[in-house]
Each structure stands twice: as C-alpha cells, then as structure tokens.
Amino acid sequence: AATMTPHRRRATRANATVALAACAVAALRATAHASASTIDPSIAQPGVRPWIVERAELHGLSSNALERASANVETIVDRDCFVVARDGALVHESYYHAEGAGAMEAFSVDDAAGALATVLATGIAVDQGLFGLDEPLAKFGLASVERAFGREYAEEVTVRQLLAQTHGGGRRAPGSAFERDNRDDGYLDIIGELIEARSGMKLENWARVHVAEPLGVPDLFSAAGHSGRASEASLRRGLRAACRDVAKL
C-alpha cells in the first residue's frame with residue numbers, strides 16, 4: 001500500500017511515504033504459496049502498461065475493510081492518497097484533497113519510497129553482475145567507502161550490510177549490530193556510486209534505462225540528487241512519482 005504526504009504547510013513540494021497495510025500484508029502472506037502457481041508473472045508485474053483496476057474481492061481482500069483503512073489514513077495529517085495493489089492490479093485508491101494528489105500527478109517522494117527504489121536497483125545491478133551483495137566494497141576503489149567507515153572497517157563493509165543497516169557506520173565492526181541510519185547519513189548513496197563506477201554509465205541514465213523505464217516511470221530519477229547536491233545523482237533522494245507509481249515499487 002502506498003500513501004502520499006505533501007507537507008504543504010512546510011514546503012511547496014510534496015513528499016511521499018510508503019506504508020505496508022497490515023491487512024494487505026497478512027493476506028499476501030496467507031496466500032503466497034497458493035497464488036504463486038496461478039498468477040501469470042506478466043500480469044503480476046505492471047511494468048510499463050497501465051495499472052489494471054479491479055474489485056478487491058477478486059483478489060481476496062474486502063472493499064469495506066479497505067474503505068475503513070482509508071478513512072483511518074485520512075485522519076493522519078497531510079496524507080493525500082492511499083493506494084493498494086494486489087496480484088498486479090489496483091484494488092483500492094483514495095485521494096483526499098480536491099486540490100491535491102490525483103492518480104497521475106507526480107510528487108517528490110521521500111526516503112521511504114527512495115529506499116525501495118534503491119533496493120530494486122541493487123537487485124537489478126546484482127543480476128547484471130556489476131557486484132555481489134557480499135563482496136567487500138573496498139575492492140571497487142571508491143574513496144567514499146574509506147571516508148564513511150574509516151580505514152579500520154572499510155575492508156569489511158558489504159552492499160548487503162548497507163541495505164540491512166548493519167554496516168556499523170565506522171563505529172563498530174560491520175555485521176555486528178543493527179543501527180538505523182539517519183536520513184542524511186548517505187550510506188545508501190554509496191550503492192549508487194558503485195553502480196555508476198561498475199556500469200560505466202551516469203547513474204541517472206543507468207537508473208532510467210534499467211529501473212524507471214521498465215516500471216513505466218521514466219522521469220522517476222530525473223530530479224534526483226543526494227546529500228542535497230542536485231548535481232549528483234541518487235537512487236533515493238529527490239525522486240518524483242505519482243501515488244500509483246510508488247505502488248509499483
């Protein structure tokens with residue numbers, strides 16, 4: 001499930017956050033094995049085609065329950081929309097402000113959706129053989145790795161640890177403990193630097209070709225920039241997407 005929050009009172013741009021709806025997650029878990037053999041993969045992955053919109057009951061969910069969930073979401077300050085997808089189809093959409101979000105209106109999304117985009121991009125890069133999840137980052141010669149983790153731990157940190165937030169931040173041994181990253185730490189941005197170095201492409205171009213265009217969201221990374229520097233591309237900062245697009249992630 002995806003929800004949009006614009007923060008209109010504090011800024012002119014909008015932010016999007018992604019929330020996992022408990023009812024949808026529970027339903028997905030309960031039917032994961034049963035549905036895996038019956039769902040056509042080409043249908044379950046919306047890609048560039050428009051979303052199919054169907055009744056929730058066709059996918060084992062309750063329209064009434066989703067309406068109640070939507071009413072609860074609307075009480076949260078500055079939420080613009082609530083979108084639920086199941087089996088490659090949209091089964092619920094709510095847009096709360098007449099002057100606000102619409103199905104096709106793009107907003108600047110925040111780090112929650114950006115983290116999902118980073119995870120997706122990482123999986124694609126691994127499939128392409130650009131790097132392995134458990135290879136030490138130091139072997140790729142990125143100066144940012146030693147700056148972030150210090151000489152003592154730079155040789156040990158892996159992409160998997162960056163994603164899992166067990167990299168230690170240069171303060172403890174990588175893999176020894178989980179510690180939630182601050183949104184401005186920039187550790188996940190190292191993955192973007194690694195993709196750029198290994199692919200030989202500008203990160204924005206690589207992400208557009210291999211992530212955004214296959215999703216049908218070609219402008220997802222067009223305004224991205226990490227650490228507040230718009231001149232430097234990012235997989236997670238400054239992304240632009242409609243609520244429906246965030247649901248694709």
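Q: What makes Thr-118 part of a helix, and which helix is it?
A: Thr-118 lies within helix H4 (residues 111-127), where helices (H or I, at least four residues) and strands (E, at least two) are DSSP runs, numbered from the N terminus. This is a predicted model, in which local features need pLDDT of at least 70 and side-chain atom pairs count only at pLDDT 80 or more, while totals for chains, interfaces and linings use all residues. Residues are numbered from 1 along each chain as its sequence is written, and side-chain values use heavy atoms, with hydrogens and water left out.

Q: Why is Thr-118 called buried?
A: Buried means under 20% relative accessible area, exposed over 50%, and partly exposed in between (1.4 Å probe, protein chains only). Thr-118 has 1% relative accessibility and therefore counts as buried.

Q: Which residues are in contact with Thr-118, leaving aside its neighbours within four places in sequence?
A: Contact means heavy atoms within 4.5 Å, and on that criterion Thr-118 is in contact with Leu-188, Ile-191, Leu-235 and Arg-236 once its neighbours within four places in sequence are set aside.

Q: What makes strand S4 largely enclosed by the rest of the structure?
A: Strand S4 (residues 81-86) has 5 of its 6 residues buried, so the rest of the structure largely encloses it.

Q: How do you know that S4 and strand S5 pair, and in which sense?
A: Two strands pair if DSSP finds at least two bridges between them, and S4 and S5 (residues 89-95) share 6 bridges in the antiparallel sense. Within this pairing, Phe-82 stands opposite Ser-94 in S5. The two strands form a hairpin with 2 residues between them, and Asp-87 in the turn has a positive phi of about 55°.

Q: Why is Asp-87 called partly exposed?
A: Asp-87, in the loop between S4 and S5, has a relative accessible area of 23% and is therefore partly exposed.

Q: What makes the pair of Asp-87 and His-59 a polar contact?
A: A polar contact is a pair of N or O atoms within 3.5 Å; within protein, one must be able to donate a hydrogen and the other to accept it, and residues adjacent in sequence count only if both atoms are side-chain atoms. The side chains of Asp-87 and His-59 are joined at 3.2 Å, and this is a polar contact.

Q: Which residues touch the most other members of the largest nonpolar core, and what makes it a core?
A: A nonpolar core is a set of buried Ala, Val, Leu, Ile, Met, Phe, Trp, Tyr and Cys residues joined through side-chain atoms within 4.5 Å. The largest one has 36 residues, of which Phe-131, Ile-195, Trp-206 and Phe-221 touch the most other members. The elements giving two or more residues to this core are H4, helix H5 (143-153), helix H6 (159-164), H7 and helix H8 (203-215), and H8 gives the most, with 6 residues. A second, separate core of 9 residues includes Ala-69, Val-73, Val-84 and Val-91.

Q: What is the average pLDDT of the chain, and where does pLDDT fall below 50?
A: pLDDT is the predictor's confidence in each residue, from 0 to 100; the chain averages 78, and 72% of the residues score at least 70. Over residues 6-39 the pLDDT is below 50, although the model gives this stretch 63 contacts beyond near neighbours in sequence. Residues 226-231 also stay under 50, with 10 contacts beyond four places in sequence.
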